[in-house]
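Open the model in your viewer and keep the selection panel at hand. This tour goes stop by stop, with something to select at each one.

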Amino acid sequence: MRQQKRLSLPKNVYPVDPWRIVEKQYYRSLTPRMETIFSIGNGYLGMRGVSDEGKPAFENGTFINGFYEKWPIVYGEEAYGFARTGQTIVNVTDTKTIRLYVDDECFDLDIANLLCFERMLDMRTGTLQRELLWETALGKQVLVRSTRIVSYDYKHLAAIAYEVTVLNADASVVISSEMRNEPYKQVNESDPRKANGLRGQVLVPQIHRDRFAHLSQGYRRRIVLSHTTRNSKINLACGVEHKIEVGSPYECKTECEGNFARFVVTVNAQAGVAIKLTKYISYHTSNSDILENLCSRVESTLDKAVSLGWSGILSSQKQYLDDFWRGSDIQIEANFDSLEAYYQTAELQQVIRFNLFQILQASARAEETGIPAKGLSGQAYEGHYFWDTEIYLLPFFIYTAPHSAKNLLKFRYRMLDAARKRAQELNLKGALFPWRTINGEEASAYYPAGTAQYHINADIIYALKKYVEVTGDEDFLYREGAEMLVETARMWVSLGSFQGEDRFEIHNVTGPDEYTAVVNNNVYTNMMARLNLQYAVRIIELLSENYPDYLAFLRDKTKLSMSEVKEWKRAADRMYIPFEEEMGIHSQDDSFLSKKFWDFDNTPADKYPLLLHFHPLEIYRHQVIKQADLVLAMFLLGSEFSLQSKKHNFDYYDPLTTGDSSLSAAVQGIMAFELGYLEKAWQYFDSGVFIDLHDVAGNTKDGCHMAGMGGSWMLMVYGIAGMRDEDGILSFDPKLPHDIQSLRFALKIGDGILRVDIKKNSTTYLLEQGSELVLYHQKQGVNLTADIPLMVVNSNVRA
Ligand code: BGC
């Protein structure tokens, strides 16, 4: 690893706290980053942590997973088969903003005289809370408290409680709760990780309703706006129901037009008497349902919210999170040897929970979609789904929330027709999944680091295989999985070719390392393709022996002939994997080792990430790596490498790896743990787990790195606990650092839950619910029966 260092933070930005992220002071300069850190979401709906009053804002974003606009990609020079249509997640109608005026003075966080301020993300209650005391120009002290929530149980519901009390005087208070849809501004963005093609009015106004007038029908202070995206023609309706509790005289009114609506309450506030505004917010989207229906669905959700009430929504959120933490928490106990060690461990506990919580926020209700690279915490990478999901997030879901893992795999299955079309377009057989997409079509405009990453096919199959091995969900494998296997296997044999009788090669591909593009025989791609082919052969054989009906159905649907299966086997058996005998290492691809070395010594820290400072061609002609590539193959397919070859490969490739992608640290770290390079492992661990909370890559402002969040679970489970699970065989080789007294986590396996409790000298395994389980602890077999804990000694305990 060449550069990444933790950026220094003003002290006390995040005081250590096991369950909360607390900001004790308002730091203007940290606004962009804090919007991401304090974003809240449920996998369907996400809101950035912009202050309640809507200002200051770096990106006042509200996002709905899969709600996108499309736009024509314009190339300077066209070529056949280039991706045609860009897709970008849309920043939808804002419903968060509440403006506050006291004696006509507007509350503006930036210039307000704040007597105290605290903002807090509470990961046990699933709420974002803020409390501040503002002294107005007239010396009036105004206490403002707010709580924001995006519900897990009620997918389409968010809510805000906003409370204002003028403590020391009477005052005139105006609260304006707003809904606003703004046109996109022209941006001049040169960072390819952020760029998007949206300009102007993306959401075209449709029905709008103001129900304030119909009190007698039970509609109270309700506003509904609806829009349709200009090109993709997806419908959106959103609405807000207001409930106001005031002990002082007040008046209210609403305004409502196509792109703007508000509810305004004017209060002659008496000193010390609170004004409480509760906003229930609902969003519904559809590309098939008509707007009138969507508006009704919004109103039904609001009715439900009113009947639950604020406390009902809070308590369902708490229950949901109790369940989540019961199954997904990683608990770390510190040694009390030194205060520093204690502090570091407590900080680690906090960040791990933050990362797991971010995964939940990006996924809980992502039932018919994928998980965008930034979750719903920012618009970077345009809300696209990448291989990040299958390789970096699926392990967490498979072991803690298998239903989410299944939904994500099903989502890929539903993309199969688009992937078939894409393969046809590229003159390939079977199906080629898109490198980046929202709607299933390829949206990557730069094919060398996009479409050329054919490995996405095998990544999906790798995840499918692991899902089936861990959950035992054969039904899904035979019904949906098998079809994906047939079509992906077909793609590989048509992409590659036999060079002579006994060598199957795959040319002009890009592996995970995007700093080396369009090369022949990338080891990662070839090995993963081999796994894809072998698994396809195995499952077809299995169907043929045991489930002929399933096979008949599959053959009918895919027109599969058994000679194809033979061909897959021949290709897998003869897959070429470059290896340099003399150097004792794999070459990352056919040409990698013949390239010049990158001059790391003369590349200053401010030239990273290299992709922002050097032309791709300059990068491509050097031995310089963006992210784990061969090292990732050694992790995912570890049993196919000897320990010695892993060491040689790691020693060679690690120094060439910049870590310019957040996907790198976890994998380099896990392999460093495995190989006993513990100092290096901890460096990677640190930059991996703190990627967002400490803004390691300097771009947390653009959204959370979801692969990094999944990577940090992997660092704990595959790194420190040394778990391996190839082909369904479970083993552990814990490497607990001295500062940590114990590490505990749970894994769902089949019908059971395996609880793992690692201490310095011993590890205890307990199987709950299941019947029995065999695993390996540092190569020693452990047979578990339900509810009987088994303690085994850790060998190689370090002092
Ligand atoms: C990485 C890709 C990743 C994408 C989205 C890029 O920087 O190189 O591997 O899929 O980010 O996270």
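Start with the shell around the ligand: six of its residues are nonpolar, two are polar and three are charged. The model you are looking at is predicted. To see the shell, select Ala 373, Tyr 381, Phe 386, Trp 387, Asp 388, Trp 435, Glu 514, Lys 626, Gln 627, Ser 661 and Leu 663.

Now show the side chains and look for polar atoms. Gln 627 puts a side-chain N or O atom 2.5 Å from a ligand oxygen. For Trp 387, the separation between a side-chain N or O atom and an oxygen of the ligand is 3.0 Å. Glu 514 has a polar side-chain atom 3.2 Å from a ligand oxygen. How much of the ligand's accessible area does the protein cover? The ligand on its own has 310 Å², and the protein covers 94% of that.

Select Glu 382, in the loop between α3 (339–363) and α4 (388–400). Glu 382 is not a glycine, yet its phi is positive, at about 60°. Is this residue, Glu 382, buried or exposed? Glu 382 is buried, with a relative accessible area of 8%.

Move on to Asn 521, which sits in the loop between β21 (504–505) and α9 (523–546). Asn 521 also is a non-glycine residue with a positive phi, here about 55°. Its relative accessible area is 0%, so Asn 521 counts as buried.

**Salt bridges**

Side chains of opposite charge can pair when their charged atoms come close. Across the whole structure, a search finds 60 salt bridges.

Select Glu 564 and Arg 490. Their closest N and O atoms are 2.7 Å apart, in a salt bridge. Glu 564 belongs to helix α11 (residues 562–573) and Arg 490 to helix α8 (residues 474–495), so the pair ties together parts that lie 74 residues apart in sequence. Arg 490 is buried, at 9% relative accessible area. Now widen the selection: Asp 417, Arg 420, Glu 483, Glu 487, Arg 490, Lys 557 and Glu 564 form one network, joined by salt bridges that share partners.

Two further pairs are worth a click. Glu 78 and Arg 84 form a salt bridge, with 3.0 Å between the closest N and O atoms. Arg 84 is partly exposed, at 39% relative accessibility. Then take Lys 243 and Glu 245, whose side chains meet in a salt bridge at 3.6 Å, N to O. Lys 243 is partly exposed at 31%, and Glu 245 is partly exposed at 38%.

**Cis peptide bonds**

Select Lys 55 and Pro 56. The peptide bond between them is cis, with omega near -10°. Pro 56 is in the loop between β3 (45–47) and β4 (62–72).

Then jump to Tyr 608 and Pro 609, joined by a cis peptide bond with omega about -5°. Pro 609 lies in the loop between β22 (596–597) and α12 (616–620).

**An exposed loop residue**

Select Asn 427, in the loop between α6 (416–425) and α7 (455–471). With a relative accessible area of 71%, Asn 427 is exposed.

**Last stop: the domains**

Zoom out and colour by domain. The assignment gives domain 1 (38–301), domain 2 (415–577) and domain 3 (742–793). Between the C-alpha centres of domain 1 and domain 3, the distance is 46 Å.

Methods:
Residues numbered from 1 in each chain as written. Predicted model: local features only at pLDDT ≥ 70, side-chain atom pairs only at ≥ 80, totals over all residues. Heavy atoms only, no water. Salt bridge = Lys/Arg side-chain N within 4 Å of Asp/Glu carboxyl O. Buried < 20%, exposed > 50% of the residue type's maximum accessible area, 1.4 Å probe, protein only. Helix = DSSP H or I, 4+ residues; strand = E, 2+ residues; numbered from the N terminus. Near = heavy atom within 4 Å. Polar contact = N/O pair within 3.5 Å; in protein donor to acceptor, adjacent residues only side chain to side chain. Areas by Shrake-Rupley, 256 points an atom, 1.4 Å probe, with all protein chains shown as cover. Nonpolar A, V, L, I, M, F, W, Y, C, P; charged D, E, K, R; others polar. Domains from an automatic or database assignment.
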